[in-house]
Amino acid sequence: TRRSRVATSPITCLTTVVRPPTTTVVITGHANGALSVWEDEDEEVIWVERGEDALRDVTGCYLPSSSSSSPNVGSLTIVTVSSTGTRHHTASQKSPPHLLDRRTSTTCLFYTVRDKCYVAVGVARPAVIDLYSVSDDDNIKKMASLTGHEDWITSLSFHPTSHYLASGSQDCRIRLWHCHDDETASSEAVLIGHDDAVTDVSWYDSRADDDDDKSLLSSSLDKSILLWREDHSDGVWTPTLRVGSAGGVLGGSLGSSLLGFVRVSSFRDVIVGMGYGGVIYLWQSADGRLRDCLTGHFEGVVDMSWE
């Protein structure tokens, strides 16, 4: 594995961004507040920025370039959140980060609506979601604050075709927001089904090509992962599948995490969940059947013996 000049500090958050046309850029945030940008083409760090406070989350995107000679290159813009606030970084200019908000923030996400770029930031207290618009010249302007959650915002996920923003919170609730073309957002639904803090939300990756078939995955410290689907007749969202431990029972069924789940995603009708201890579980979304369980040691190995 490759190391950056500041990678001696543990990585606390990571995201990937595609630089047109096909180059993947990896952005890592560290416990010492450092920010590193990796480019897979040259397999090296292309930008490093030092910080002070541990980064909780990082998100980035490439803005369109105004230069006709290189319309697809653009500039990389990054937003990070930490206990000391939300900051905007511009990698192409390598200028000091701009402090957008001093409140403790927990998660952040770039999303696009009609080719316009926006940033959603989950704030701890008060529990709000701040929305920012990003201009082509990399200026960020606050648009609105979404209220409704009663505890820390833990996760955000955006559906690219329906323009739905999903948010999870420590209040055990999931909220859906509709992001409109006029840079406003409205509350669409409240999803109630978890008995403990919601740790992650992720739009379900189905093989179906129907854009109207929206499904959402959520993970929780109640030791369960839920698959939510919308009833098109009345617009009500209900959980259609539960994997892990039903009702948060200690131990639970095969494929349950004793300490709850912290991340969830999907790949071609397979649900992928990461337990609090680091175990990765894979289920069939059709029937909830456990396919695989990837585990191992979580600390240094001190001894071994053939059986």
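Lysine 223 is buried, with a relative accessible area of 14%, where buried means under 20% relative accessible area, exposed over 50%, and partly exposed in between (1.4 Å probe, protein chains only). This lysine is found in the loop between strand E18 (215-220) and strand E19 (224-230); strands (E, at least two residues) and helices (H or I, at least four) are DSSP runs numbered from the N terminus. The phi of lysine 223 is near 75°, a positive value in a residue other than glycine. Histidine 163 also has a positive phi, near 65°. Histidine 163 sits in the loop between E13 and E14 and is buried at a relative accessible area of 9%. Most residues other than glycine have a negative phi, and most peptide bonds are trans. With that in mind, the bond between arginine 125 and proline 126 is worth a look: it is a cis peptide bond, with omega about 0°. Proline 126 belongs to the loop between E10 and strand E11 (128-134).

The model is predicted, and local features need pLDDT of at least 70, side-chain atom pairs count only at pLDDT 80 or more, and totals for chains, interfaces and linings use all residues. Residues are numbered from 1 along each chain as its sequence is written, and side-chain values use heavy atoms, with hydrogens and water left out.

Taken as a whole, the chain has zero helices and 24 strands. Of its 307 residues, 47% count as buried. The chain exposes about 15,800 Å², and carbon and sulfur atoms supply 48% of that area (Shrake-Rupley method, 1.4 Å probe; for residues, only the protein chains shown count as cover). Contact here means heavy atoms within 4.5 Å. Among contacts between residues at least 6 apart in sequence, 40% join residues at least 24 apart.

Turning to the sheets, strands E5, E6, E7 and E8 form an open sheet in that order, with antiparallel pairing; two strands pair if DSSP finds at least two bridges between them. E5 and strand E8 (98-101) stand at the edges, each with a single partner strand, so one side of each is left without a neighbour in the sheet. From one strand to the next, the twist averages 25°, taken from axes that are lines fitted to C-alpha atoms (for helices, over the stretch in contact), with angles from 0 to 180 degrees between N-to-C directions. Strand E5 (residues 55-63) pairs with E6 over eight antiparallel bridges, and glycine 60 has isoleucine 78 of E6 as its bridge partner. Two residues lie between E6 and E7, which form a hairpin.

Strand E6 (residues 75-82) has eight of its eight residues buried, so it is largely enclosed by the rest of the structure. In a regular strand the side chains alternate between the two faces of the sheet. In E6, Ser75, Thr77, Val79 and Val81 point one way and Leu76, Ile78, Thr80 and Ser82 the other, and all are buried.

Valine 121, in strand E10 (residues 116-123), counts as buried at 1% relative accessibility. Its C-alpha atom is separated by 9.2 Å from that of threonine 80, 41 residues away along the chain. Leaving aside neighbours within four places in sequence, valine 121 has contacts that include Val81, Thr86, Cys108, Ile129 and Leu156.

A second open sheet of four strands runs in the order E13-E14-E15-E16, with antiparallel pairing. Its edges are strand E13 (153-159) and strand E16 (185-192), each with a single partner strand, so one side of each is left without a neighbour in the sheet. The twist here averages 20° from one strand to the next. Six bridges join E13 to strand E14 (residues 164-169), and serine 155 stands opposite glycine 168 in E14.

Six aromatic pairs are found in the whole structure; rings of Phe, Tyr and Trp (its six-membered ring) pair if their centres lie within 6.5 Å, with planes under 30 degrees apart counted as stacked, over 60 as edge-to-face and the rest as tilted. The rings of phenylalanine 261 and tyrosine 281 have centres 5.6 Å apart and planes at 75°, so the pair is edge-to-face. This pair links distant parts of the chain, from strand E21 (residues 261-266) to strand E23 (residues 280-284), 20 residues apart. Both phenylalanine 261 and tyrosine 281 are buried. Elsewhere, Tyr111, Tyr118 and Phe158 form one aromatic cluster.
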